[in-house]
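Please read these notes with the model open beside you, and look for each element as it is named.

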Amino acid sequence: MEYGFLAYIENRKYARKSFQTCSILSSKNNMHYLQYYPVDIVNGEGTRCTLFVSGCEHACRGCYNQKSWPFSAGLEFDEAMEQQILKDLKDTRIKRQGLTLSGGDPMHPRNLETLLPFVQRIKAECPDKDIWVWTGYKIEELTGIQRQMLSYVDVIIDGKFEQSKADPALVWRGSSNQNVYRVHKENQRIDFVQIL
Ligand code: SF4
């Protein structure tokens, strides 16, 4: 998502280090990511870890993060990267409220093959951390594994970027057609409460 991609705390030193690490270690899946920011105060509430995954098929007109479209872009998301994010979420020196997943589109079914077990792991190891997700899908379009993912998501920002509705003054969104929802789960029922 273009809003999230630009709105981050710069940490190029860390990114270079992670690139070197990821190029050496073997991986257990094929998801890729473009950037990871271990400390981010822009993409969601509080201080967060933010991962920008690769792969998006929405092809929004005006998307200025087109390099995120190929699923093979960036670095392979491997066990070392999972461990690093979990370590950052557990860090008591800089307390993180949670993890933000942006992209690209984290809710693309191909990425969810990796992200669904990963968010399950986060909720098991760090139950007090929240998970925010940016997606180009509308919530009413979500099916199958995407709805399974919602069981572990606390906030979702949905919808494609629409250039004619772009507004830089919007909080956590690039265009006014996109909405921010808190995801409530109770008795296997999922409800969305729009907060923006
Ligand atoms: S959902 Fe649209 S704006 Fe976001 S990365 Fe994909 S094409 Fe770009």
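1. Begin with helix 3, where E79, Q83, K87 and K90 are exposed and sit on the face turned away from the buried side. Helices here are DSSP runs of H or I with at least four residues, strands are runs of E with at least two, and both are numbered from the N terminus. A residue is called buried if 20 or more other C-beta atoms lie within 10 Å of its own, exposed if 12 or fewer do, and partly exposed in between, with the C-beta atoms placed from the backbone.

2. Before going further, please note that this is a predicted model, in which local features need pLDDT of at least 70 and side-chain atom pairs count only at pLDDT 80 or more, while totals for chains, interfaces and linings use all residues. Residues are numbered from 1 along each chain as its sequence is written.

3. Which residues of helix 3 are buried? They are M81, I85 and L89. Seen down the axis of helix 3, these buried residues fall within an arc of 75 degrees, so they line one face of the helix; the arc is taken from the directions that run from the helix axis to the C-beta atoms.

4. Two strands are said to pair if DSSP finds at least two bridges between them.

5. Strand 4 (98-102) is mostly covered, since five of its five residues are buried. Strand 4 pairs in the parallel sense with strand 2 over five bridges, and also in the parallel sense with strand 5 over four bridges. G98 in strand 4 stands opposite R48, and G98 also stands opposite D130 in strand 5.

6. Is strand 8 (residues 189-194) covered or hardly covered? It is hardly covered, for the count of buried residues among its six residues is zero. Strand 8 pairs with strand 7 (residues 179-186) in the antiparallel sense over six bridges, and Y181 has Q194 in strand 8 as its bridge partner. The two strands form a hairpin with two residues between them, and N187 in the turn has a positive phi of about 50 degrees.

7. The largest nonpolar core has 35 residues, of which Y33, L51, L99, I131 and V133 touch the most other members. Helix 4 supplies the largest share of this core, five residues. Such a core is a set of buried Ala, Val, Leu, Ile, Met, Phe, Trp, Tyr and Cys residues joined through C-beta atoms within 7 Å.

8. M31 lies in the loop between helix 2 (12-24) and strand 1, and M31 is buried, with 26 other C-beta atoms within 10 Å. M31 and R110 are 79 residues apart in sequence, yet their C-alpha atoms are 7.7 Å apart in space.

9. Finally, 15 residues are around the ligand, and C56, C60, C63, G136 and F161 come nearest; a residue is near if its C-beta atom, placed from the backbone, lies within 6 Å of the molecule. By class, this shell has six nonpolar, six polar and three charged residues, where Ala, Val, Leu, Ile, Met, Phe, Trp, Tyr, Cys and Pro count as nonpolar, Asp, Glu, Lys and Arg as charged, and the others, Gly among them, as polar.
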